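Walk through this fold with the structure open beside you.

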Amino acid sequence: MRFSTRTRYGLRFLLRLAAQPKDSLLQLGQVAKEENISSGYLEQIVRALRPMGILRAVRGSGGGYALARAPRDINMEEVFQHLEGEISPVRCLTQGRHCQRETHCSTRGFWSELDEHIRGFLRQRSLQNIIDSEKPFASGGNHVELH
């Protein structure tokens, strides 16, 4: 299972916003250039994140983006679902889908358990957890590229 570049870049974007001084704004063009991400693609990512209410946008000259919530209040399961669309490892577990083999599938329990492990892991993580886990790498003086 692989997560898309949309999710990987979206997470990097959120980490960049979290690293900004309070009350400062980050422009998409600046992030796109520094992170080597297409501006158009970064705009798509921002559009996917907006419904979550975690971004604050200021238009016009000197405008940009900032986090609207504290990093500890930004849940990774929610972020991944907004960026990926669906995070279940198999389609039959996708909400609203039904499989004709559901009642007699020999692997449904396995896939369901894997799905819950993935969701549970993400559900227990916030943006702050990622920031905290990356600090030992960042303080070593070496730049750590977040994928």
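**A walk from the last helix**

L122 counts as buried, at 7% relative accessibility; buried means under 20% relative accessible area, exposed over 50%, and partly exposed in between, with a 1.4 Å probe and protein chains only. The model is a predicted one: local features need pLDDT of at least 70, side-chain atom pairs count only at pLDDT 80 or more, and totals for chains, interfaces and linings use all residues. Residues are numbered from 1 along each chain as its sequence is written, and side-chain values use heavy atoms, with hydrogens and water left out.

L122 sits in helix α5. Helices (H or I, at least four residues) and strands (E, at least two) are DSSP runs, numbered from the N terminus. Helix α5 covers residues 108-123. Its 16 residues should span 22 Å at 1.5 Å a residue, and the end C-alpha atoms are 22 Å apart, which agrees. The expected span is 1.5 Å times one less than the number of residues.

Which residues of α5 are buried? They are D115, I118, R119, G120 and L122. The buried residues of α5 pack against α4. L122 gives the detail. Not counting residues up to four places away in sequence, L122 touches N75, M76, E77, F80 and I87; contact means heavy atoms within 4.5 Å. L122 and M76 are 46 residues apart in sequence, yet their C-alpha atoms are 5.1 Å apart in space.

A pair of aromatic rings is described by the distance of the centres and the angle of the planes. Rings of Phe, Tyr and Trp (its six-membered ring) pair if their centres lie within 6.5 Å; planes under 30 degrees apart count as stacked, over 60 as edge-to-face and the rest as tilted. The whole structure holds 4 aromatic pairs. One of them joins F3 and F80: the ring centres are 4.9 Å apart and the planes stand at 85°, so the pair is edge-to-face. This pair links distant parts of the chain, with F3 in the segment before α1 and F80 in helix α4 (residues 76-84), 77 residues apart. F80 counts as buried at 10%.

F13 and Y65 form another edge-to-face pair, 6.4 Å centre to centre with 75° between the planes. F13 lies in helix α1 and Y65 in strand β2, so the pair ties together parts that are 52 residues apart in sequence. F13 is buried, with a relative accessible area of 1%. Y65 is buried too, at 11%.

Stay with α1. T7 is found in this helix and counts as buried at 2% relative accessibility. Leaving aside neighbours within four places in sequence, T7 is in contact with F80, L83 and E84. R16 also has its place in helix α1. R16 is buried, with a relative accessible area of 18%. R16 touches L26, Q30, V31, E34 and E35, not counting residues up to four places away in sequence. R16 and L67 are 51 residues apart in sequence and 9.8 Å apart in space, C-alpha to C-alpha.

Now the loops. D23 is found in the loop between α1 and α2 (28-35). Its phi is near 70°, a positive value in a residue other than glycine. D23 is exposed, with a relative accessible area of 69%. N36 lies in the loop between α2 and α3 (39-49). Phi of N36 is near 55°, again positive in a residue other than glycine. N36 counts as exposed at 70% relative accessibility.

D23 also takes us to a pocket. The second largest pocket has a volume of about 220 Å³. Of its 14 lining residues, the closest to the centre are L17, Q20, K22, D23 and L67. On a 1 Å grid over the protein atoms alone, a pocket is an open set of points where a 1.4 Å probe fits, with protein on both sides within 12 Å along at least five of seven lines; lining residues have an atom within 4 Å of a point. Grid points are joined across faces, edges and corners, and a volume is the space filled by probe spheres set on the points. α1 (5-19) and β2 (64-67) each supply at least two residues of this lining.
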